[in-house]
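Please look over the model shown here before reading the notes that follow, which are grouped by topic.

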Amino acid sequence: AYNQAENTFSQHYFVRSFGSDGVMNHEFFGKDVLMDFNSPYHLEEVNHDFIWWRLAVTPDGRVVAGIPRNDYEITVFAADGTPELVFGREYETFKRSDQQLERVQAIMDNQMRQMPPGTTSEISKLEQDLYGIHCQSNGEYWVTTSRAMYAPPEGVFTQWDVFNAEGEFTRQVQARIPGRPGRDMLMLTEHGYAVKITGFWDAALSAMGAAS
């Protein structure tokens, strides 16, 4: 919301549940961002980070979220918003390639066109640690990391870290199929299938002003 008197713009990102009557039940997680335009604004990518690609819901209605950007940590919330479980594993944050940096900078430059003159920007040289959480019907959590998405092992399109219902790491599962990591997307379905969407990330990034 823009406050004309104070020349500020406030944003509230959130994950909420609502009843069938449209009334909010609970806010599981939220983040406030204040943009102050009384002096040249510095637009930082990490300041506007949210859990867009680090969020899932279990079949029984619990919310699963990788809240930190650069920490392999996953929180499971009960349907009433109570944190039930926190789990993760050791992970070395993935450094972006020159091509990734160029694409992210293009997205930032596109956003900068909507900003007041004098605004500066800063992108991160590091990718977010997690890039997808899938909740299986047997209680397992299948987690995609940024490294598995952009630089999987030779001959592998992507791979998942698998945790049991108690948050214990049990194994890794690899998808050895043709594809372009970081450009195509492999989506797991609730029926146990994996569907590859060719050019998904190309199309998504192009819509954000990062055509390549």
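Contact here means heavy atoms within 4.5 Å. This is a predicted model, in which local features need pLDDT of at least 70 and side-chain atom pairs count only at pLDDT 80 or more, while totals for chains, interfaces and linings use all residues. Residues are numbered from 1 along each chain as its sequence is written, and side-chain values use heavy atoms, with hydrogens and water left out.

- Arg 96 sits in the loop between β8 (83-88) and α1 (98-112), where helices (H or I, at least four residues) and strands (E, at least two) are DSSP runs numbered from the N terminus.
- With a relative accessible area of 6%, Arg 96 is buried, a class that means under 20%, as against exposed at over 50% and partly exposed in between (1.4 Å probe, protein chains only).
- Beyond its neighbours within four places in sequence, Arg 96 is in contact with residues including Glu 45, Arg 69, Leu 101 and Glu 127.

**An open sheet**

- Three strands form an open sheet in the order β1-β2-β3 with antiparallel pairing, and because β1 (2-3) and β3 (24-36) stand at the edges with a single partner strand each, one side of each is left without a neighbour in the sheet.
- Two strands pair if DSSP finds at least two bridges between them, and β2 and β3 pair in the antiparallel sense over eleven bridges.
- Ser 10 has Leu 34, in β3, as its bridge partner.

**Phe 14**

- Phe 14 belongs to strand β2 (residues 8-18) and is partly exposed, its relative accessible area being 37%.
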